[in-house]
Amino acid sequence: MANWLLFYRWYKSLKAVVRWQGSYGQTFTVTRDTRQGSIVSPVFFNIFINDLLVTLSNEKHGLKIGPCNVNTIAYADDVTLLSTRMTDIQSMIDQCTLYSQKWRFTFSAAKSQFVLFGSNPFKDELELFLDSKKLNQTDSLEILGITFHQSGLSSDHIANRVQKCRRAAYSLSSSGMCYPGVHTRVKSHVWQSVCLPTLLYGLDNISLFNQNILFLESIQGNILKSWLGLNKRQHHSKLIDALGLSPVKHLVKEKTSRLFSRLLQTETPAKKLNVYWLTKYLLTGYSCEGTLISRVINMGFNPLDLIANKQKSSTRKSYSEDGVVGSLSYLLNSENFVKPWSLEHMLVSLLTKAF
């Protein structure tokens, strides 16, 4: 009770002020929402929304997978409803509407959409309503930065990540990333810390085909070759190695294995679902295509080793094992490489054309 009174009085007298270029505006009272950036704000929101999530999880609607019934996925103020029947989805939406009316807030119908996954001859006639407002039906939906298409394919998500990665890379052109620009080590570090995470975001949560991996490898190679003043038709596999970077295929495997390991070590509904698929695989040898356990197995990992953290990470070859990589590394890191028409740059160009 004392803690509640503390927060009540704190928020009741909460005031804020706007600062702009060293000048301060007039003080005003904060009358809604939680404090931006406060460590207790997520806790407050979790408490606020928890009753709705409990109500939805107690419903028998949703996707029945083994012993698990999945109908709600929530993070912060994003709530995703899942079911195999439209009537069930509408029932859960109505529950959300009742909860919002009770606690005097509104869900945005303009920002809410629905997707029908798979084929359905009647999909053009389907309608859902949020507080009497008709929801928009779309072919794809973005949830926490991951794009899910009704076909189940990952091409839309990959296209979005590539677009954002290119935007991030080209926005750095004026900062010395274009050739000649800054030293090669700086470009490699910027790519690894800024652009690469943008490109790889969410790839551990979706199924990828070999052509998807090759496309992503090509994107990484082309951007780096552009930064280094090399032609896009030149080879980039050994160039990536010489820069001290890893191939996209290797990085996706590492991200996927870490995701599986974390999920199985954290008490969440996701753990229960993955334990079911793991048990089914160990007992019958069956792994459902598209699931995380299936992707982990197809990548050559032993699921039990990942749970016990016994899986050995693949090691990179040393430069001494590959003379071309060693030579490229020496030339790329030379101070003369960033000088136009230097011998070092011409040698790198020749090596990447041949290898």
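Q: Axes are lines fitted to C-alpha atoms, for helices over the stretch in contact, and angles run from 0 to 180 degrees between N-to-C directions. With that settled, at what angle do helix 5 and helix 6 cross?

A: In this predicted model, helix 5 (residues 184-200) and helix 6 (residues 210-227) cross at roughly 145°, and their axes come within 12 Å. Helices (H or I, at least four residues) and strands (E, at least two) are DSSP runs, numbered from the N terminus.

Q: Which hand does that crossing have?

A: Helix 5 passes helix 6 in a right-handed crossing. A crossing is right-handed if the near helix is turned clockwise from the far one by less than a right angle, and left-handed if anticlockwise.

Q: Which residues in helix 5 and helix 6 meet?

A: From helix 5 come Lys 187, Val 190, Trp 191, Cys 195, Leu 196 and Leu 199, and they meet Leu 216, Ile 219, Gln 220, Ile 223, Leu 224 and Trp 227 in helix 6. This contact (heavy atoms within 4.5 Å) comprises ten nonpolar residues, one polar and one charged. Ala, Val, Leu, Ile, Met, Phe, Trp, Tyr, Cys and Pro count as nonpolar, Asp, Glu, Lys and Arg as charged, and the others, Gly among them, as polar.

Q: What about helix 12 and helix 13, at what angle do they pack?

A: Helix 12 (residues 323-332) and helix 13 (residues 343-354) pack at about 150°, with 9 Å between their axes. The two helices are therefore roughly antiparallel to each other, a term for angles over 145 degrees. Their crossing is left-handed.

Q: And which residues meet there, in helix 12 and helix 13?

A: Ser 327, Leu 328, Leu 331 and Leu 332 in helix 12 meet Glu 344, Leu 347, Val 348, Leu 351 and Thr 352 in helix 13. By class, six residues of this contact are nonpolar, two are polar and one is charged.

Q: Moving to strands, in what sense do strand 13 and strand 14 pair?

A: Strand 13 (residues 140-143) and strand 14 (residues 146-149) pair in the antiparallel sense over four bridges, where pairing requires at least two bridges found by DSSP. Ile 143 has Ile 146 as its bridge partner, and Leu 141 stands opposite Phe 148. Two residues lie between the strands of this hairpin, where Leu 144 takes a positive phi near 55°.

Q: Where else is there a positive phi in a residue that is not a glycine?

A: Arg 104 has one of about 60°. Arg 104 sits in the loop between helix 3 (86-102) and strand 9 (113-114). Most residues other than glycine have a negative phi, and most peptide bonds are trans.

Q: Which peptide bond is cis, then?

A: The bond from Tyr 179 to Pro 180 is cis, with omega near 5°. Pro 180 belongs to the loop between helix 4 (155-170) and helix 5.

Q: And Thr 72, what does it touch?

A: Thr 72, in strand 7 (residues 72-75), touches Leu 53, Leu 56, Val 79, Thr 80 and Leu 81, leaving aside residues up to four places away in sequence.

Notes. Residues numbered from 1 in each chain as written. Predicted model: local features only at pLDDT ≥ 70, side-chain atom pairs only at ≥ 80, totals over all residues. Heavy atoms only, no water. Parallel < 35°, antiparallel > 145°, perpendicular 65-115°, else oblique.
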